[in-house]
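Here is a short report for someone meeting this structure for the first time. Look over the sequence and the model before reading on.

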Amino acid sequence: MGGQDTVLIVGGGQAGGQLARQLLQESFSGRVILASDEEYLPYERPPLSKAVLKGSAAEDSLFLCPAEEWAHTRIEIVASDPVVEIDTGGKAARFASGRIARYDTLVMATGGGPRIPDIPGAEFAKVLRNLEHSRVLRAELGRTAHIAIIGGGVIGMEVAATAAALGRQVTVIEAGARVMGRILPPAASAWLEDLHRSHGATIMTNAAVTRIGPRDTGGFSVQLGDGFAVEADIILMAVGMTPNTALLPKDTIGHASGIVTDEYGRVCGYDGVYAVGDVAESMNPLYGRHMRLETWRNADRQAKAVARTICGIETVHCEVPWMWSDQHERNIQVVGLWQAGADVVVRGACGEPGSSLYWLEDGVVTGGVLIDNGRDRRFLEKMVETAARPSPEALADPAIALKSLV
């Protein structure tokens, strides 16, 4: 790119922040504008439901780098002034303040907002997607006794563990048959449910919420489809996220509701437009299809790859999905994409420190869950990358090092 070119990054989260920093590392000499609808410098979100929510980590630990480091860069950060309109043909963006910014390259790093289901009274529930949400929830947990969490996904279960550690009564209401069912095999879900119950939580599955309403005596009542009601002081709605795609034309949106890109992060049919992070529905050469990944590593690595491509070093982003979650002092790492009906092989007793569950499709390892067993992650990732076919007997044997099966 030319030295006078302007890159406009819409979204000041982890993906947007990392892309801006990588542009500088690649010696990009043009102008970089980082536009955020929040007042904060770019920060990471995983601790919002764990250490920061609990109060065991300071908010400063979230930020990608200190404010003084940003101040010494050529990146222009526009905070608390969201982009409200983009003219892709004219290559111009209008901010809420009325300011117009012209660009040569546009990067959509807009992430997503909390998904709010069409349930009467949903407005009474708190949500958790950003730092302000975490602050509000932390304050509420400091003065209430019972939290009801609607949604047994990653965020819901992490908040459940955090609230229980703070001595709060916890009820998790999950519409599906099991918690974290989208990413875990049944045996792992069952172990996780038992773990939370052992710390005093009530876990309700196959539970459809029909209404939320305030109680005359204070707090709220969550009505379920079977006529049962859960009463709590605070409600958290944690049923997923909705990608922020409204700024681009509808023909850029894919089946997973994200902005469709190729393997380089380019938005097809729109010159000089890219998308990264949670909002990007990108072609993954490893799987041969488009997918949208809501993980810390994807936001980090894809942003860096796209920055290199913008600088003329075309870099394919090919991600083996990986995420982690810390709950009740246990570390859970998931590699690959769980597929219902896959064959599951267990190494060790499920849930014991160092145990693992792997799933295979037609004899090929396509993913797994590692419980307090992070040392095996890189070997499992390699197995997924290379479509390894170890024998189930060897895979199940803790005496055989996983690295020897790669």
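## Terms and model

Buried means under 20% relative accessible area, exposed means over 50%, and partly exposed lies in between, with a 1.4 Å probe and protein chains only. Helices (H or I, at least four residues) and strands (E, at least two) are DSSP runs, numbered from the N terminus. Two strands pair if DSSP finds at least two bridges between them.

This is a predicted model: local features need pLDDT of at least 70, side-chain atom pairs count only at pLDDT 80 or more, and totals for chains, interfaces and linings use all residues. Residues are numbered from 1 along each chain as its sequence is written, and side-chain values use heavy atoms, with hydrogens and water left out.

## A buried strand

Strand 22 covers residues 330-336. Of its 7 residues, 7 are buried, so the strand is largely enclosed by the rest of the structure.

Strand 22 pairs with strand 21 (residues 322-327) in the antiparallel sense, over 6 bridges. Tryptophan 322 has valine 335 of strand 22 as its bridge partner. The two strands form a hairpin with 2 residues between them. Histidine 328, in the turn, has a positive phi of about 50°. Strand 22 also runs antiparallel to strand 25 (residues 364-371), joined by 5 bridges. There, glycine 336 stands opposite glycine 367.

An open sheet of 4 strands has the order 11-10-9-15, and its pairing is parallel. Strand 11 (202-204) and strand 15 (234-237) stand at the edges. Each has a single partner strand, so one side of each lacks a neighbour in the sheet. From one strand to the next, the twist averages 15°.

Strand 9 (residues 146-150) pairs with strand 10 (residues 169-173) over 5 bridges, in the parallel sense. Isoleucine 150 has isoleucine 173 of strand 10 as its bridge partner.

## Two helices in contact

Helix 1 (residues 14-25) and helix 7 (residues 296-310) have axes that come within 8 Å and cross at roughly 35°. Axes are lines fitted to C-alpha atoms, for helices over the stretch in contact, and angles run from 0 to 180 degrees between N-to-C directions.

Contact means heavy atoms within 4.5 Å. Helix 1 contributes Gln14, Ala15, Gln18, Leu19, Gln22 and Leu23. Residues from helix 7 include Trp296, Asp300, Lys304 and Arg308.

## The annotated region

UniProt, in an unreviewed entry, lists residues 6-303 as "domain: FAD/NAD(P)-binding". Such annotations may be inferred rather than shown by experiment. Over residues 6-303 the chain is 22% helix and 28% strand. The end C-alpha atoms of this stretch are 17 Å apart.
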